[in-house]
Amino acid sequence: TEMSIGGRGLFTDHDVREGEVLATIPARLLLTSNDKALWAGEIAAKAKVAEPVIAEWVSTWSGGFSEDLEAMGALGEGARRQVGVKLEKRRKQFEEAKVLYGLERDDWAMYNMVWSRACYLGPQWKDEIGIIPFFDMLNHTPKENVRLSSLGDAMRGFEGAPKPADLDEKDMLIIAKEDIAKDSELLTCYLNEGKVDSEEDRDELAARRMVVWGF
């Protein structure tokens with residue numbers, strides 16, 4: 001929609017009330033890594049050998065940095081320089097991951113897609129990094145209308161409340177942050193840009209968006 005960026009997209013099929021749980025994703029379906037230095041390589045390796053239900057999901061992936069010269073041309077000179085620096089660093093990380101996780105040269109595209117889809121999973125997961133089915137299809141906007149939380153993190157402060165019997169504390173929830181009308185797009189914020197005070201800061205953010213998400 002006009003509100004979103006990212007080339008993906010999920011929409012609600014009913015009127016949603018603030019606080020409603022829109023989806024629950026079982027922890028066992030996540031692709032995760034607790035290795036902060038080499039997480040993208042570990043997740044890419046797991047995606048390559050995933051069980052059939054996961055492999056079918058992985059086969060639908062697209063996006064991430066693609067070295068699109070037309071998109072790069074829209075960046076300022078400073079941002080393009082930053083893209084070069086970030087890309088060089090990523091290629092070095094990929095070379096390390098190839099050795100550790102048995103990745104091939106052709107897995108560079110997969111590696112970039114992992115970067116574009118992964119997120120921090122929160123305190124319940126000890127801040128592991130992972131890709132979450134369904135949630136990874138949400139587009140970006142600066143003003144998100146849903147939030148992500150594990151069940152355990154969502155229940156912090158409500159320790160006396162009964163936990164749903166069929167859910168695990170690491171299961172992930174997509175929760176409405178506001179009332180959302182039927183047929184509206186569900187949106188998340190990939191990058192909280194905060195206050196940008198200088199041209200250098202703007203270049204850094206523009207380069208990060210391009211290298212991680214391809215826009």
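1. Asp136 counts as buried, at 3% relative accessibility (buried means under 20% relative accessible area, exposed over 50%, partly exposed in between, with a 1.4 Å probe and protein chains only). Arg117 is also buried, with a value of 5%. The model is predicted, so local features need pLDDT of at least 70 and side-chain atom pairs count only at pLDDT 80 or more, while totals for chains, interfaces and linings use all residues. Residues are numbered from 1 along each chain as its sequence is written, and side-chain values use heavy atoms, with hydrogens and water left out.

2. Arg117 and Asp136 form a salt bridge, with 2.4 Å between the closest N and O atoms (a salt bridge is a side-chain nitrogen of Lys or Arg within 4 Å of a carboxyl oxygen of Asp or Glu). Arg117 belongs to helix H5 (residues 108–117), whereas Asp136 sits in the loop between strand E5 (129–131) and strand E6 (139–140), so the pair ties together parts that are 19 residues apart in sequence. Helices (H or I, at least four residues) and strands (E, at least two) are DSSP runs, numbered from the N terminus.

3. The structure holds 11 salt bridges. One of them joins the side chains of Glu88 and Lys92, at 3.8 Å from N to O. Both residues are in helix H4 (residues 77–101), and because they are four residues apart, about one helical turn separates them. Glu88 is partly exposed, at 49% relative accessible area; Lys92, at 54%, is exposed.

4. Helix H4 also contains Glu95 and Lys98, three residues apart, or about one turn of the helix. Lys98 forms a salt bridge with Glu95, and their closest N and O atoms are 3.4 Å apart. Lys98 is buried, with a relative accessible area of 16%, while Glu95 is partly exposed at 37%.

5. Ser33 lies in strand E3 (residues 31–33). Ser33 is buried, with a relative accessible area of 1%. A polar atom of the Ser33 side chain lies 3.1 Å from the backbone nitrogen of Asp35.

6. Which residues is Ser33 in contact with, leaving aside its neighbours within four places in sequence? They are Trp39, Glu42, Ile43, Glu128 and Ile129, where contact means heavy atoms within 4.5 Å.

Technical notes: Polar contact = N/O pair within 3.5 Å; in protein donor to acceptor, adjacent residues only side chain to side chain.
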